[in-house]
Amino acid sequence: MRPFLGSTGAVVRTTRDLVLPVYLPTILLAFGQGVMVPVLPLFLREQGASYSVTGIAIAAAWVGTLLADVPVGTLLGRIGHRRAFLLGCVVYALATLGVALAGTVPPLLILFRFVTGIGIALWGLSRHAYLATVVPVEQRGRAIAVFGGINRIGWFLGPALGGWIGTVLGLQWAIVVTAVVALVALVVAGAAFEPVGHAAPSRHAPLAAVGAVLRMRWRALASAGTAQLFGQMLRQTRQVAIPLYGADALGLSAAAIGQIISVSALIDMGLFWPAGWIMDRWGRKAAAVPSFLLLGLGMALVPLTSSYTELLLVGLVIGFANGLGSGTMMTLGADLAPPGRTGEFLGLWRLIGDGGQAVAPLAVGFVADALGIALTTGLCSVLGALSAGMLVMFVPETRHLRFTEQPVITSAETPSQRR
């Protein structure tokens with residue numbers, strides 16, 4: 001990867017320059033979240049929660065993220081990428097610890113899960129906006145795909161360890177591990193300085209800027225945003241439906257479910273570099289469309305499985321499909337973000353995607369209570385076709401968007417002043 005300049009002029013020579021400010025803290029947080037995948041649904045059920053309550057509690061984190069996305073986007077210019085990330089680590093760690101200690105009180109579980117979502121918005125959006133700021137469009141696919149791959153490494157390691165801890169020590173202790181790992185990420189990020197350029201902090205981050213972004217990018221948010229909504233719903237349903245199907249339909253233990261998720265994640269994480277290369281060589285849709293179609297196919301196969309081995313094989317298909325789409329939605333959002341309004345646009349962009357992740361667990365929970373977990377899992381497959389169809393029919397390729405993109409002109413500037 002050849003050198004490129006951040007917005008303050010600092011040189012980012014290779015992806016190694018992003019290790020301390022982005023990649024290392026991210027893998028720690030992803031590992032902690034991976035621990036929660038097989039553990040949280042089973043922990044909630046152990047506390048006597050119904051499918052519906054379990055879905056609400058899981059979705060609460062995404063609701064928190066959903067409501068925080070736009071405010072965080074407008075605040076990034078004021079507090080900076082680094083401070084937002086550190087604050088997010090603290091909020092996420094303390095709220096996750098609260099989940100472990102809430103016991104059998106559903107309202108407290110749901111409240112703490114909601115707060116973890118705010119922490120996710122802070123550290124997730126700060127890293128996304130940072131990458132969108134320092135990485136040029138012609139190399140963005142690879143840089144963000146590596147970011148997606150780093151997340152996947154954490155998701156690969158986390159579920160197996162989480163399932164093992166949950167089986168040996170108890171599900172509550174596995175949740176405590178997630179909180180501790182978030183604090184470790186805080187220490188790493190706090191000790192690391194950022195040697196590359198980032199957006200200069202702004203003294204003002206008015207909500208009026210959000211309205212300006214909506215006016216400029218409403219077509220992109222409507223078309224590409226809808227595709228992202230369906231895609232993120234599909235991705236999240238697999239994290240809820242597969243553990244519940246494995247436990248309730250096949251009678252698998254937490255350790256066995258954790259193994260399936262981790263092996264799926266192993267295939268997933270191995271594809272981040274090819275996914276980035278495909279995006280930068282042939283376009284964002286060349287990776288995203290096959291990814292969502294295959295992911296939908298994999299979900300359609302889940303209710304046809306009747307053993308650990310069969311579910312594991314389907315998990316491999318799902319892992320391959322998701323890995324092929326590594327970083328696609330983040331890269332698409334970064335491409336579409338108008339210069340000077342990156343934080344505000346990505347706040348809206350992530351609002352849409354997080355909306356899909358928030359709705360998915362709720363839908364799975366309520367539909368599973370009504371129709372059963374097997375039929376619910378199969379129905380989720382339709383989301384893949386919807387997302388791929390929207391991308392093909394309504395979303396233009398953004399790989400060359402830099403040739404047509406125009407700077408954002410504020411109300412205080414005229415075109416001649418910008419020139």
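**Core packing, buried salt bridges and a nonpolar surface patch**

Excluding neighbours within four places in sequence, Phe 345 is in contact (heavy atoms within 4.5 Å) with Val 213, Arg 217, Leu 221, Gly 333, Leu 336, Ala 337 and Pro 338. The model is predicted: local features need pLDDT of at least 70, side-chain atom pairs count only at pLDDT 80 or more, and totals for chains, interfaces and linings use all residues. Residues are numbered from 1 along each chain as its sequence is written, and side-chain values use heavy atoms, with hydrogens and water left out.

Phe 345 belongs to the largest nonpolar core, which has 98 residues. A nonpolar core is a set of buried Ala, Val, Leu, Ile, Met, Phe, Trp, Tyr and Cys residues joined through side-chain atoms within 4.5 Å. Buried means under 20% relative accessible area, exposed over 50%, and partly exposed in between (1.4 Å probe, protein chains only). Tyr 23, Val 302, Phe 345, Trp 349 and Leu 391 have the most contacts inside this core. Its largest share, 15 residues, comes from helix H6 (residues 208-249). A second, separate core has 11 residues. Phe 85, Tyr 92, Ala 93 and Ala 185 are among them.

The protein chain contains 15 helices and 2 strands. These are DSSP runs numbered from the N terminus (helices: H or I, at least four residues; strands: E, at least two). Of the 419 residues in the chain, 58% are buried. Among contacts between residues at least 6 apart in sequence, 86% join residues at least 24 apart. The accessible surface comes to about 16300 Å². Carbon and sulfur atoms account for 69% of that surface. Accessible areas come from the Shrake-Rupley method with a 1.4 Å probe; for residues, only the protein chains shown count as cover.

Pro 25 lies in helix H1. This proline is buried, with a relative accessible area of 0%. Not counting residues up to four places away in sequence, Pro 25 touches Val 19, Leu 20, Phe 85, Ala 185, Val 188 and Ala 189. Pro 25 and Ala 189 are 164 residues apart in sequence. Their C-alpha atoms are 6.1 Å apart in space.

Ala 189 is one of the buried residues of helix H5. Others include Leu 171, Ile 175, Val 181 and Ala 185. Helix H5 (residues 171-191) has 21 residues. From its first C-alpha to its last, H5 reaches 31 Å, close to the expected 30 Å. The expected span is 1.5 Å times one less than the number of residues. Cover for the buried residues of H5 includes helix H1 (19-46), helix H2 (51-101) and H4.

Side chains of opposite charge can pair when their charged atoms come close. The count here is 4 salt bridges. A salt bridge is a side-chain nitrogen of Lys or Arg within 4 Å of a carboxyl oxygen of Asp or Glu. Arg 140 and Asp 335 meet in one of them (3.0 Å, N to O). This pair links distant parts of the chain: Arg 140 is in helix H4 and Asp 335 in helix H11 (residues 328-336), 195 residues apart. Arg 140 is buried, with a relative accessible area of 9%. Asp 335 is also buried, at 4%.

Asp 280 pairs with Arg 142 in another salt bridge (2.8 Å, N to O). Asp 280 lies in helix H8 (residues 272-282) and Arg 142 in helix H4, 138 residues apart. Asp 280 is buried, with a relative accessible area of 13%. Arg 142 is partly exposed, at 21%. Asp 280 also meets Arg 284 in a salt bridge (3.1 Å, N to O). Both residues of this pair, Arg 284 and Asp 280, are buried. Salt bridges that share partners join Arg 140, Arg 142, Asp 280, Arg 284 and Asp 335 into one network.

In H8, Ala 275, Gly 276, Ile 278, Met 279 and Asp 280 are buried. Their cover includes H4, helix H9 (284-301), helix H10 (308-324) and H11. Gly 283 follows H8 and has a positive phi, near 120 degrees.

Leu 161, Trp 164, Val 168, Leu 169 and Trp 173 make a nonpolar surface patch of about 540 Å². Patches are made of residues with over 30% relative accessible area and no salt bridge; like charges are joined within 9 Å, nonpolar side chains (Val, Leu, Ile, Met, Phe, Trp, Tyr) within 5 Å. Helix H4 (residues 137-168) supplies the largest share of the patch, 3 residues. Val 168 lies in H4. This valine is partly exposed, with a relative accessible area of 49%.
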